[in-house]
Amino acid sequence: PQPIQPPRAVSFPPGHPAVAGVLTTRRYIDRYTTTALNKNRRRAAGVYRAFLCDDMAPAAPANQAEEDAMLDYLLGRSPAPPRMHPSPDRIANAEDQHGTDPACMACHQKLDPMGRVFQNIALNFTLAPSPGEIVIPRADGSRVVLPVAGIGDMADRLVQLPEYERCQLKHFWAWYVGEDIPLPAAREAQLIQEFNRVGRRTNDFIKVLVQTPEFIEGASTSLTRLEQARL
């Protein structure tokens, strides 16, 4: 038998374009699986959802028969379904649909360019970055296109976007104050300033939120409702 190699410490130069923290961990790659048809779009969708609060739903309806076949395969009851090894014709047909269907393109114009940055870490981690783009549609119909040198560069640029700041505030607001509590634009701007003032540190920003009038009033209202329920 081959001798087991001892573990080795691995380090990377600061700002390396192929390294992006959680996005380049085995846990993230395994959680957001991909196929020859998907081309890392699912991984890109996870980034849009977590970093920018852009939750995209598939335009094409779910195929229950394919889902059942996939479940049977995972449980060892049947061979791998065709979706695991799609034919070239099926891949071409799917690409044609994605290129012409407006409902598909609304998401794919964002997912396809970002999916490319995951190309070189799909199976094994590599120091060779894969370039791509961050694409953000605006309300006026225009688009912001940010070329990135690799996944590390993408992560750095994402956290500089105003959409990222608003998204993180939205997460914390929902968790600690409540989704049902209004957050006017002026108040949002104030809290984003606080978010940056504390260096975006999670615990410090939570301390800010739990001292806001919205949190205190919401907690008081919840306590009153609980007391009324007990009566």
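Relative accessible area sorts residues into buried (under 20%), exposed (over 50%) and partly exposed in between, with a 1.4 Å probe and protein chains only. The model is predicted: local features need pLDDT of at least 70, side-chain atom pairs count only at pLDDT 80 or more, and totals for chains, interfaces and linings use all residues. Residues are numbered from 1 along each chain as its sequence is written, and side-chain values use heavy atoms, with hydrogens and water left out.

Start with the cysteines. Select Cys-53, which is partly exposed because its relative accessibility is 25%. Next select Cys-167, which counts as buried because its value is 2%. These two form a disulfide (cysteine sulfur atoms within 2.5 Å), with their sulfur atoms 2.2 Å apart. Cys-53 sits in the loop between α2 and α3 (64–74), and Cys-167 in helix α7 (residues 162–177), 114 residues away; helices are DSSP runs of H or I, at least four residues, numbered from the N terminus. The link of Cys-53 and Cys-167 is right-handed, with 80 degrees about the S-S bond. The whole structure holds 1 disulfide. Now select Cys-107, buried because its relative accessibility is 17%.

Then move to the second largest pocket. Select its lining: Val-22, Leu-23, Thr-25, Arg-27, Tyr-28, Arg-31, Tyr-32, Gly-46, Arg-49, Ala-50 and Phe-51. Two or more of these residues come from each of α1 (26–31) and α2 (41–52), and α2 gives the most, 4 residues.

Technical notes: On a 1 Å grid over the protein atoms alone, a cavity is a set of points where a 1.4 Å probe fits but cannot get out, and a pocket is an open set with protein on both sides within 12 Å along at least five of seven lines; lining residues have an atom within 4 Å of a point.
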